[in-house]
Amino acid sequence: MSIDRLLTTERVMGIETEFGVLHADLEDRARAGAGSSILLSHLVVGAYALLDPQEGERGRRVRWDYGDETPLRDARGFELQRAAAHPSQLTDEVRDAHVPSVEMDAPLAGPEVAPDGDDAEVLAWAAQRSLGNAVLTNGARWYVDHAHPEYSAPEVMRAREAVVQDRAGEEIARRSMGILAAADGIPEVALYKNNTDGKGASYGTHENFLVDRAVPFERVTAAMLPFLATRQVLVGAGRVGLGTRGERPGFQLSSRADFMEAEVGLETTLNRPIVNTRDEPHADPARFRRLHVIIGDANLLEESTFLKLGTASLVLAALEAEHRTGRAILPDLRLVDPVAAVRTISHDPTLRATVELVDGRELTALQIQRAHLDAIAAVADRDDAETAQVLDSWAELLDLLEQDPALAADRVEWVAKLQLLERYRARHGLEWGDPRLSMIDLQYSDLRPAQGLFAKLRAAGAVRTLVGQDEVDAAMTTAPTSTRAHLRGGLISAHREHVPSAGWDAITLAGPDSGYRLRLADPRLGSAAWCELHGIDLTTDPETILDALRRAVSAS
Amino acid sequence: MSQQSLNGPGTGGEDEQNEVAATGGQTFASAQGADDLLDEIDAVLESNAETFVRSFVQKGGQ
């Protein structure tokens with residue numbers, strides 16, 4: 001088959017994770033139920049954003065800028081506007097003075113600047129203030145969403161980068177728990193990287209991918225449904241219990257499967273769809289669509305995250321290439337009932353279950369994934385290192401799972417969890433309905449080093465790793481270089497006092513005479529390479545940076 | 001994915017975990033390793049599973 005250019009994994013992408021949040025103390029936990037989850041979420045966000053010395057000046061956070069109602073459609077994708085307010089308002093006592101789009105978290109109760117005092121006093125202020133948002137030095141958004149702390153990792157261009165940034169979010173969550181544990185009179189918190197409490201509540205781990213707007217959304221939907229419904233055999237995190245409340249005993253591949261109720265739709269908290277239509281690209285909407293994927297599980301196993309992002313990016317690259325060239329790449333794998341297929345596949349750890357295709361065939365999830373792999377491998381760029389790595393991982397894991405799922409126990413997360421549970425079941429002679437197995441499922445994702453069972457598997461070498469701990473540690477305070485996150489995080493890192501707010505596509509920088517708001521409607525602008533090209537050195541003084549940005553605007 | 005692209009267990013986790021990893025061999029690949037790992041997991045599990053599971057209650061999110 002000939003296409004104009006071979007497919008790679010390169011694309012703007014990112015992961016956002018809502019953490020489970022509970023009192024660490026079991027008596028407090030039993031007493032509070034879910035009633036304190038919002039308070040605990042505010043403490044978690046405030047602890048890291050205001051108090052961790054590695055994050056920056058104590059008590060000073062960068063506020064979240066939601067972006068504008070009027071999207072920037074400028075073909076250059078870049079502009080610099082004078083902000084509406086005097087710089088004194090931009091740096092002190094900020095309250096929506098300069099731009100209407102800056103967050104409106106709870107009604108202001110007291111001063112915006114954190115008080116002097118010990119950690120407990122600052123945390124009490126954060127809780128009373130309902131502190132709900134911060135932009136971190138690594139370019140991430142760290143905030144309260146509904147009743148969960150959420151880490152929206154900075155946007156990246158590659159699956160491996162996404163793994164590093166996702167792991168950095170786990171470490172930030174750990175540091176936040178550590179700060180709360182050390183503060184007198186403040187509740188100690190436990191955070192879980194999972195997706196359900198097993199009692200009907202689910203919270204998400206969402207992936208975002210920018211896609212060429214020219215590809216018709218109906219085509220995206222038709223192609224993504226069979227891909228997303230079946231990929232759980234490779235990247236599911238595993239779950240004890242069947243049904244949203246775990247009402248039937250057993251084990252299933254995916255923690256999110258039972259919460260998917262529709263094929264396509266806008267909602268994320270009710271009637272959740274396999275393909276979500278939320279379309280806020282945080283970029284030029286004439287050029288980009290953001291595909292918001294909500295079906296995915298929270299993965300702790302790094303290869304699962306890598307494969308999840310890498311394969312989805314390749315499928316989207318195939319769709320873009322099909323649209324550009326008019327030549328078909330992906331086979332027709334439309335399912336008769338995708339929502340039912342998600343559950344059928346998730347509920348069968350033998351992987352033998354078949355689902356019906358519109359063309360009448362009955363195929364297993366492994367066969368459907370293999371068909372995707374074969375079609376994409378034929379037109380993928382194997383000279384691109386990450387693309388080759390994704391294709392190899394995809395093929396190797398399909399081979400292992402076809403032969404015997406147990407062979408993939410160190411690389412496929414649901415298999416790793418199932419093997420742990422089966423060993424424990426055998427040792428103690430337990431039925432699947434035993435609460436000890438549900439407890440293992442929950443404690444598996446506990447992010448506290450001493451309690452988390454995945455951490456034990458990892459430390460014992462029972463699961464493989466993909467990235468180095470040194471990279472992960474660095475990514476907590478250093479933004480990825482490949483996107484505008486570099487400019488956002490770099491400015492916050494070097495000049496926090498001059499950056500009152502930032503968002504995905506906007507950064508406000510306070511100069512000596514006025515404030516300026518940068519708009520970056522293409523996420524690839526603002527990368528380290530882009531900054532170098534335009535002579536923008538983020539370590540120099542803000543006025544020099546503003547001059548360089550002005551030159552960049554007039555040159556583009 | 002090639003073996004070379006994957007790091008060994010020693011690159012991850014906290015210091016405490018690295019000490020465990022350094023002793024090595026605690027995988028499910030050997031019966032002894034599996035037993036050791038299950039012992040360790042038994043030691044960190046909460047004692048009252050029923051209460052633990054019942055009190056793990058969250059509000060729904062996205």
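The buried residues of helix α16 of chain A pack against β5 (133-135), β17 (501-502), β18 (506-510) and α17 (528-533) of chain A. Here a contact means C-beta atoms, placed from the backbone, within 7 Å, and helices (H or I, at least four residues) and strands (E, at least two) are DSSP runs numbered from the N terminus. This is a predicted model, where local features need pLDDT of at least 70 and side-chain atom pairs count only at pLDDT 80 or more, while totals for chains, interfaces and linings use all residues. Residues are numbered from 1 along each chain as its sequence is written, with chains lettered from A and ligands numbered from 1 in the order in which they are written.

Why is α16(A) largely enclosed by the rest of the structure? Because nine of the 11 residues in this helix (485-495) are buried, meaning 20 or more other C-beta atoms lie within 10 Å of a residue's own. Among them are A:His486, A:Arg488 and A:Ile492.

Now look at α5 (residues 159-182) and α8 (residues 302-325) of chain A, whose axes come within 8 Å and cross at roughly 140 degrees. The contact includes A:Ala159 and A:Val163 from α5(A), and A:Phe306 and A:Leu309 from α8(A).

Finally, turn to where the chains meet: 39 residues of chain B and 56 residues of chain A make the contact. On chain B's side, α1 (15-23), α2 (31-44) and α3 (49-55) each supply at least two residues.

How values were computed: Contact = placed C-beta atoms within 7 Å. Axes fitted to C-alpha atoms, helices over the stretch in contact; angles between N-to-C directions. Buried ≥ 20, exposed ≤ 12 C-beta atoms within 10 Å, placed from the backbone.
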